[in-house]
Amino acid sequence: MAGSDVVRWLAFSLLCAGGSLGLAWLGPVVPLPSVMRGVGGLFAVLLLPLASLLVPVLLLRRVPRKKRKVAWQLIVPLFAGVALGIFGTAAGDTAALADRGVSADAVVVSADYSSTNHCELRTVDGRDISPSLAESDGCLDSTTKGAELRVRYDPEGVASPDDGHTSSNGVLLATLFGAAVVMGTWGGVRQSKWDRAYGGA
């Protein structure tokens, strides 16, 4: 029984973590239409991470609801799954730009420094670049309206532009994925043990 629990929760954890990373990464790489990207992003950042926490708890069929508890290990795949969704999208942007990105000289049309920096860009020959340039991709505090930047942008208007120096965060994604799978499996097995122990009491 213990061996089957490990296999079952390992498969479930792989599904949740892999789904979060895969859906987030595919959005800009394919590229998917905006509606599908929105749905995929919702699953990647919210629904699949929540499922990694809630499903093991809801499967405690023998334990009365008021007495159910959550293995602390399941908190890790929740937060790791959210991070996989966020950083997976950034990795997808980088992969998309490497595949179909166009390098161009651009002019900053406007800059927003309210929370994180975002610069609206236009190529020197007048074409708008969408989406905007993020702070982590080259829109610095020193970047002002009218400044000229060398950027890579997506002609499809899906992947976020960058300055050509953005990392794919491969090590971070692998670490988050591993943590989500290992801790999710461990937490799921513990939940199953509690359920059987209560039923046999």
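This is a predicted model: local features need pLDDT of at least 70, side-chain atom pairs count only at pLDDT 80 or more; totals for chains, interfaces and linings use all residues.
Student: In what order do the 4 strands of the open sheet lie?
Tutor: The edge strands, each pairing on one side only, are β3 (128-134) and β4 (148-153), and the pairing throughout this open sheet is antiparallel.

Student: Which helix gives the largest share of the lining of the largest pocket?
Tutor: The largest pocket has a volume of about 260 Å³ and is lined by 18 residues, with Ala90, Ala134, Ser136, Asp137 and Thr166 lying nearest its centre. By class, this lining comprises 5 nonpolar, 9 polar and 4 charged residues. The largest share, 5 residues, comes from helix α3 (residues 75-100).

Student: How many charged residues does the lining of the largest cavity have?
Tutor: The structure holds 1 cavity of 30 Å³ or more, and about 80 Å³ of space lies in the largest cavity. The elements that give two or more residues to its lining are α1 (2-29), α2 (34-58), α3 and α4 (170-200), with the largest share, 5 residues, coming from α1. Among the lining residues are Phe12, Cys16, Leu48, Pro77 and Gly184. Divided by class, the lining of the largest cavity has 7 nonpolar residues, 5 polar residues and, as for charged residues, no charged.

How values were computed
Residues are numbered from 1 along each chain as its sequence is written. Side-chain values use heavy atoms; hydrogens and water are left out. On a 1 Å grid over the protein atoms alone, a cavity is a set of points where a 1.4 Å probe fits but cannot get out, and a pocket is an open set with protein on both sides within 12 Å along at least five of seven lines; lining residues have an atom within 4 Å of a point. Grid points are joined across faces, edges and corners, and a volume is the space filled by probe spheres set on the points. Ala, Val, Leu, Ile, Met, Phe, Trp, Tyr, Cys and Pro count as nonpolar, Asp, Glu, Lys and Arg as charged, and the others, Gly among them, as polar. Two strands pair if DSSP finds at least two bridges between them.
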